[in-house]
Amino acid sequence: MKRISLTQYLVEEQRLHNSIPAELRLLIEVVARACKTISHAVGKGALGDVLGTAGTENIQGEVQKKLDVLSNEILLEANEWGGHLAAMASEEMEHIHLIPNRYPKGEYMLVFDPLDGSSNIDVNVSIGTIFSVLKAPEGMHNPTEQDFLQPGAQQVAAGYAVYGPQTMLVLTTGNGVNAFTLDREMGSWVLTQRNMMIPAETKEFAINMSNMRHWHPPVKRYVDELLAGKTGPRGKDFNMRWIASMVADVHRILNRGGIFMYPADLRDPGQPGKLRLMYEANPMAFIVEQAGGAATDGKGRILDIQPTKLHQRVPVFLGSRQEVEVVTGYHQ
Ligand code: P6P
């Protein structure tokens, strides 16, 4: 099969579904180009003097790695001049980032986690960039944080880049999920997987087991049943994976099924889990649903949640539909 580039794919999608206006096409191309730059920096490792900490903390109170800060700057600089955005928001910045007055404004808003899985950067384990695209509210002139607080169901596009043995870009604009592999010699993203679908059944689960003693009963019950295997209520054995890079765990699940869980737990009752809604849970939930999977916070669909804060956290159960339905059912 003749392989096509991201650009050709987007042009064809535009012609087929009329669902990718020129400005959105430009946005996706610019973000994809920024991910190429991030991939290049990540790939240098110690040779690029990009490892280790930047000596600063982000809004989450987490020590920022040099690559976190660099990746954030790459995405800001790549996107602010194009005229396709009204504003941006990032895990690495407390407040939203307005487009400088010297540039034209557009009708989209970009939210991203520039480099997710930071704890894996210095030990050469896959990490990634996650992004989500929203439309600016009608008639908005001066964007505020409030304008970003839209349920995930209103995303017009979402995607991630995974910086692993291959660098890949996985993208949805609401018509299924497609994957592109970076051809480093040509510097172009090449379509390598069309219309990815997550198997409804699975034998693989992903959770950080070290938190078991802190889990609420529904999660404890669900995982205990998986661990009971063939002789237990599930009647089959399960395998476990935990890469501690959401992008890498989700990418595996998109390719071979599985359930990813980061539940709320008793370590910090005031904290509803670790993952953030706007730039981790929502984009991944959009992608997973577009691939036939499910994504809930234990109670209801993640994409239906009305955000109240830009950096709010949410419990996450996503992946093979059958398993997400079981663990969500235990929460009812
Ligand atoms: P833990 C990475 O820091 C991250 O935000 C996700 O990418 C990942 O799934 C999770 O946290 C890992 O958390 O508690 O297992 O280190």
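Predicted model: local features only at pLDDT ≥ 70, side-chain atom pairs only at ≥ 80, totals over all residues.
1. Residues are numbered from 1 along each chain as its sequence is written, and side-chain values use heavy atoms, leaving out hydrogens and water.

2. Start with the sheet. It is open, has eight strands in the order β4-β3-β5-β6-β7-β8-β9-β10, and its pairing is mixed. Strands here are DSSP runs of E with at least two residues, helices are runs of H or I with at least four, and both are numbered from the N terminus. Two strands pair if DSSP finds at least two bridges between them. β4 (97–98) and β10 (188–193) each have a single partner strand, so one side of each is left without a neighbour in the sheet. β3 (residues 85–90) and β4 run antiparallel, joined by two bridges, and Met88 has His97 in β4 as its bridge partner.

3. Now look at β8. Six of its six residues are buried, so β8 is largely enclosed by the rest of the structure. (Buried means under 20% relative accessible area, exposed over 50%, partly exposed in between, with a 1.4 Å probe and protein chains only.) Thr167, Leu169 and Leu171 point one way, while Met168, Val170 and Thr172 point the other. In a regular strand, side chains alternate between the two faces of the sheet.

4. Both partners of β8 come by hairpin. β7 connects to β8 through three residues, and six bridges join this antiparallel pair. β8 and β9 are also antiparallel, over five bridges, and in their hairpin, with four residues between the strands, Gly174 takes a positive phi near 100°.

5. What lies across the sheet? Helix α7 (residues 277–290) runs at about 85° to β6. Axes are lines fitted to C-alpha atoms, for helices over the stretch in contact, and angles run from 0 to 180 degrees between N-to-C directions.

6. Finally, is His84 buried or exposed? At 0% relative accessibility, His84 counts as buried. His84 sits in the loop between α3 (66–79) and β3. Beyond its neighbours within four places in sequence, its contacts (heavy atoms within 4.5 Å) include Glu23, Leu26 and Tyr108.
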